[in-house]
Amino acid sequence: MLLTGFSTLVWLLYLIMLVLAVVALFLAATAREDAYRAADKQKKSFWLIILGITVAVNLFVPMLFLQLAGAVASIVFMVDVRPALKAVSGGGGRPGGSSSDGPYGPYNGGR
């Protein structure tokens, strides 16, 4: 019983690391090349290689140490590189501005 619960927990951990790596790889691939340079981060090809290796390791090499190293790389991309790319690309908030914006600017409720 306890061993089954532990193996389920480890399987969920592997699945979470795989999903994180795939999402990070997708986001790295869809970002513009010039945004990486403008954000003063490593090249797009660098991140694609690192995150691609991470996905491959998660799929084909069941070694926890390598998968944890890949999870660290995915987390670094998600919390450091991705916000910098969004800031440079202008992808901060919702498109079109604030929810109170009208067709000619912000709506202030008659003030």
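View A. When residues up to four places away in sequence are not counted, Asn58 touches Met17, Leu18, Ala21 and Gln67, contact being heavy atoms within 4.5 Å. Leu15 is 43 residues from Asn58 along the chain, and the C-alpha atoms of the two are separated by 8.6 Å. Residues are numbered from 1 along each chain as its sequence is written, and side-chain values use heavy atoms, with hydrogens and water left out. Because the model is predicted, local features need pLDDT of at least 70 and side-chain atom pairs count only at pLDDT 80 or more, whereas totals for chains, interfaces and linings use all residues.

**View B. H3 packs against H4 at an angle of about 140°.** The axes of H3 and H4 are 9 Å apart, axes being lines fitted to C-alpha atoms, for helices over the stretch in contact, with angles running from 0 to 180 degrees between N-to-C directions. H3 and H4 are therefore oblique to each other, the class left over once angles under 35 degrees are taken as roughly parallel, over 145 as roughly antiparallel and 65 to 115 as roughly perpendicular. The crossing of these two helices, H3 and H4, is left-handed, a term for a near helix turned anticlockwise from the far one by less than a right angle. On the side of H3 the contact is made by Trp47, Ile50, Leu51, Thr54, Val57 and Asn58, and on the side of H4 by Leu66, Gln67, Gly70, Ala71, Ala73, Ser74, Val76, Phe77 and Val81. In the contact of H3 with H4, ten residues are nonpolar, five are polar and none is charged; here Ala, Val, Leu, Ile, Met, Phe, Trp, Tyr, Cys and Pro count as nonpolar, Asp, Glu, Lys and Arg as charged, and the others, Gly among them, as polar.

**View C. Phe46, Trp47 and Phe77 form one aromatic cluster.** Rings of Phe, Tyr and Trp (its six-membered ring) pair if their centres lie within 6.5 Å, with planes under 30 degrees apart counted as stacked, over 60 as edge-to-face and the rest as tilted. By this rule there are two aromatic pairs. In one of them, Phe46 and Trp47 have ring centres 5.4 Å apart and planes at 85°, so that pair is edge-to-face. Phe46 is partly exposed at 35% relative accessibility, whereas Trp47, with a relative accessible area of 8%, is buried. The rings of Trp47 and Phe77 have centres 5.5 Å apart and planes at 55°, so this pair is tilted.

**View D. Helix H1 (residues 2-30) and H4 cross at roughly 40°.** The axes of H1 and H4 come within 9 Å, and the angle makes H1 oblique to H4. The crossing of H1 and H4 is left-handed. Among the residues making the contact are Tyr14, Met17, Leu20, Ala21 and Ala24 of H1 and Gln67, Leu68, Ser74, Phe77 and Arg82 of H4. The contact of H1 with H4 comprises 15 nonpolar residues, two polar and one charged. Ser74 of helix H4 is buried, with a relative accessible area of 0%, and it touches Leu20, Ala21, Ala24, Leu51 and Thr54, not counting residues up to four places away in sequence. Leu68, also placed in helix H4, is partly exposed at a relative accessible area of 40%, and its C-alpha atom is separated by 7.9 Å from that of Met17, 51 residues apart along the chain.

**View E. Asp40 is found in the loop between helix H2 (33-38) and H3.** Its phi is near 60°, a positive value in a residue other than glycine. Most residues other than glycine have a negative phi. Asp40 is exposed, with a relative accessible area of 70%.

How values were computed
Buried means under 20% relative accessible area, exposed over 50%, partly exposed in between (1.4 Å probe, protein chains only). Helices (H or I, at least four residues) and strands (E, at least two) are DSSP runs, numbered from the N terminus.
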